[in-house]
Amino acid sequence: MSAASGLGLDAPSAPVAHRVHGPSALSGDLRRFCALTFTLARTEFKLRFFGSALGYLWTLVRPLLLFGVLWVFFTKVAHVNSSTNPGERFYGVQLLGSIVLFTFFAEATGAAVRSVVDRENLVRKIHFPRLVIPASVVLLATFNLVLNLIVVMIFALGAGVTPMLSWLELPLIMAAIIVLAAGVAMLLSALFVHFRDVQPIWEVVSQILFYASPVIISIETVRAKLDDTLFHLYMLNPLAVIFQQFRHAMVTHATPSAGQALGSWAALLEPAAIVAGIFVIGFAVFSGAAAKIAENL
Amino acid sequence: MLAFRRPLASTIPRPATPELAQPAASAAVSIECVSKTFRLPHQQYSTLKERALHPFRTTEYDELHAVRDISLEIARGEFFGIVGRNGSGKSTLLKCVAGIYGVDSGRITIAGRISPFIELGVGFNADLTARDNVAINAIMLGLSRREARARFDDVIAFAELEEFVDLKLKNYSSGMLVRLAFATAIQVDTEILLIDEVLAVGDAAFQQKCFEEFFRLKREGKTIVFVTHDMYSMERFCHRAMLMERGNMVQLGDPREIGRAYHKLNFGQLPHQTAAEAASGSGTMIVEAWFEDASGKRITSAGQEERLSMCFEARLAEDLLDPVFAATLRTELGHTIIVARSDEHGGASGQFKAGESVVARFELPNWLTPSRYMLTPSLARAGTGADALALVEDMSSVVVHGQASGGILELPVDVRIERV
């Protein structure tokens, strides 16, 4: 016993007392936060893909179907873009890439809206960092994004896109859209606890964003139709910047990079500031709500 | 009158009140003047649209004082019970300690790692297998993935579900589910455990196992705070207990006393009504309680298989129509053997005048196993029996002697063994 206590092995040495604080967005250690986020996302992923016969294919079918319809319509029926434009090269790949990125954004934010409320049983019964919930939703969407991007790259190589050094920008592009989605996800999931009309409102906003970004229409066409002020406004949409940079870096340099489209690289700071701002506001709103989420559900 | 009160069960030594035996510095959980109020909006949910149209409209709230100014220290290694009726605030208090709710005023400090769980089976997903669910639960408990994997076999072995690890939970029976949940929750090696309503689980054999597990935790010196409605397990495990009512701490102390106070509360008397107030209030009182044998002789010990009567005398202070006389027979551990009621076992009791004295007798065959039994007489107005006029806990007792087979009752058995 005495030898043990000399070695510091005696268990009943009084642990340090610490105050219990109520729940918050980021309480506890980071390791637990990461493990929990990952586990929740992985579980959801597993449920989705091992729960149905076709599994992963279903997640792929949606963006592919949308792509098919849009591609047929906008290249064979309605000629929105001028096909002589060099930036229109590999239009199919550009379209598919943008759709996959947008699908990620829509999926992450759309699922985040109800996430905290739907996890009521956890929130009311366990003490854990509340931010885990929206974070796991975004992480799950990221798993899908990675899988879908692999399909896009296979499609691109099949269509004849040559590998470029700028493909290395992909992680940066993904990081930008993930940060943006995470900011919106935090904001929406916290707001939904109080305001139940956030869900239909966001569905509409999400649709608007789809058409307000270069998904179907190429940036050259947009620039040709809008005056400078409106075009500048258009490029303030972080999704527009991200999609355009993807098209430039991943598909063809014939279409301008986001910096070129804006006129200067410095101008990129504006949409970057918007992304950062949304993230900070989202985090602040979520942190503010976190302490009371369990009782307000 | 209460001369037969002995320490609960001699096999379970109860340590001296830890609160006094140890200095305050070793408190595992210390709750200081904690209050918690919920604001319940009159409207369940508002909308952004409404907010935009009426930006200055204030929402009206009802305030619900779930926990009012509770101060309490739970020593390290103590098994502490919190009892109370539904809505008395006991779960809210537990959730405050767990950090699930923030407190409005006061402070809670804990020493040592605390289990984040307060209920069994939280976070179980019916579409996943037991294997996955146990892993997820372990991670929520704060274990790393490797630790979680290492514990998996122990959990499954404890739950006795080896054959069903890869079965989805939706195909589990409720008993299996609860076994898995208990096994998962008990794997924590945190110093402080918070448990909300657990012991009504599984079949008899598994329940026994759970009890053993509780004794093990107790021996290991873990601090356990546990909320329950089950007085039997509360009295069996807890060193100390607290009774809550409407957010207030009504009583703190010996589990047996708390168990009695709880029964009293449930029988319909107000918690803050003292015996004197009760006596002066209605004036109806139970004067005496005793046991009789078949010949009508008062006894303090009874032989098995003889007729036994539970009797008490009440003095009435008001005119009563069909009041309900009741006699509750309990074991020393607080297990209720029978609640004999005049309305159920006899019928309408008739009309009585103020000032009358009435003796109620409940005769039954004595099939009890040798032990001591306590009689709680009570008298209530006609109705459900909740509107009590008088009740005295454990007013009399009787010792039964005879053969013990190991069960709680020695029912007459006819044995027939035939060659076929």
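Predicted model: local features only at pLDDT ≥ 70, side-chain atom pairs only at ≥ 80, totals over all residues.
**Exercise 1. The pairing of strand S7 and the sheet of chain B around it**

Determine how many bridges join strand S7 (residues 240-245) of chain B to S8(B), and in which sense the two strands run.

*Solution.* Step 1. Between S7(B) and S8(B) there are 5 bridges, and the strands run antiparallel.

Step 1. The pairing is then placed in its sheet. This is an open sheet of 5 strands of chain B, ordered S5-S6-S3-S7-S8, with mixed pairing. Its edge strands are S5 (192-196) and S8 (248-253) of chain B, each of which pairs on one side only. From one strand to the next, the twist averages 15°.

**Exercise 2. A sheet built from both chains**

State the strand order of the open sheet of 4 strands that has antiparallel pairing, and identify its edge strands.

*Solution.* Step 1. The order is S1(A)-S4(B)-S1(B)-S2(B).

Step 1. At the edges are S1 of chain A and strand S2 (61-75) of chain B, each pairing on one side only. The twist in this sheet averages 25° from one strand to the next.

Step 2. The link between the chains is examined next. Strand S1 (residues 17-19) of chain A is joined to S4(B) by 3 bridges, and the two run antiparallel. Within this pairing, His18(A) has Ile110(B) as its bridge partner in S4(B).

Step 3. S4(B) also pairs with strand S1 (residues 27-41) of chain B, in the antiparallel sense and over 5 bridges. Here Glu32(B) stands opposite Arg107(B) in S4(B).

**Exercise 3. Helix H3 of chain B**

*Solution.* Step 1. Burial is counted residue by residue.

Step 1. For chain B as a whole, 42% of the 420 residues count as buried.

Step 2. The orientation follows. H3(B) lies across S1, S2 and S4 of chain B and runs at about 65° to S2(B).

Step 3. After the helix comes Gly99(B), which has a positive phi, near 85°.

**Exercise 4. The side of chain B that touches chain A**

Find which elements of chain B supply at least two residues each to the side that touches chain A.

*Solution.* Step 1. The contact involves 40 residues of chain B and 34 residues of chain A.

Step 1. The contributing elements are helix H2 (48-53), H3, strand S4 (105-111) and helix H4 (130-140) of chain B. S4(B) provides the largest share, 5 residues.

Step 2. Sorted by class, this side of chain B comprises 20 nonpolar, 12 polar and 8 charged residues.

**Exercise 5. The partners of strand S18**

Identify the strands of chain B that pair with strand S18 (residues 371-380), and state how covered S18(B) is.

*Solution.* Step 1. S18(B) is mostly covered, with 8 of its 10 residues buried.

Step 1. Strand S14 (residues 324-331) of chain B is joined to S18(B) by 8 bridges and runs antiparallel to it. Arg330(B) has Met374(B) as its bridge partner in S18(B).

Step 2. Strand S20 (residues 396-401) of chain B pairs with S18(B) in the antiparallel sense over 5 bridges. Ser371(B) stands opposite Val400(B) in S20(B).

Step 3. Strand S19 (residues 388-391) of chain B pairs with S18(B), also in the antiparallel sense, over 3 bridges. In S19(B), Ala388(B) is the bridge partner of Ala380(B).

**Exercise 6. A helix pair in chain A**

Classify the relative direction of helix H7 (residues 170-194) and helix H11 (residues 238-251) of chain A.

*Solution.* Step 1. Two packed helices are described by the angle between their axes and the distance between the axes. For H7(A) and H11(A), the axes come within 10 Å and cross at roughly 165°.

Step 1. Angles over 145 degrees count as roughly antiparallel, and H7(A) is therefore roughly antiparallel to H11(A). The crossing of H7(A) and H11(A) is left-handed.

Key: Residues numbered from 1 in each chain as written. Chains lettered and ligands numbered in written order. Axes fitted to C-alpha atoms, helices over the stretch in contact; angles between N-to-C directions. Parallel < 35°, antiparallel > 145°, perpendicular 65-115°, else oblique. Left-handed = near helix turned anticlockwise from the far one by under 90°. Buried ≥ 20, exposed ≤ 12 C-beta atoms within 10 Å, placed from the backbone. Pairing = 2+ DSSP bridges. Contact = placed C-beta atoms within 7 Å. Nonpolar A, V, L, I, M, F, W, Y, C, P; charged D, E, K, R; others polar.
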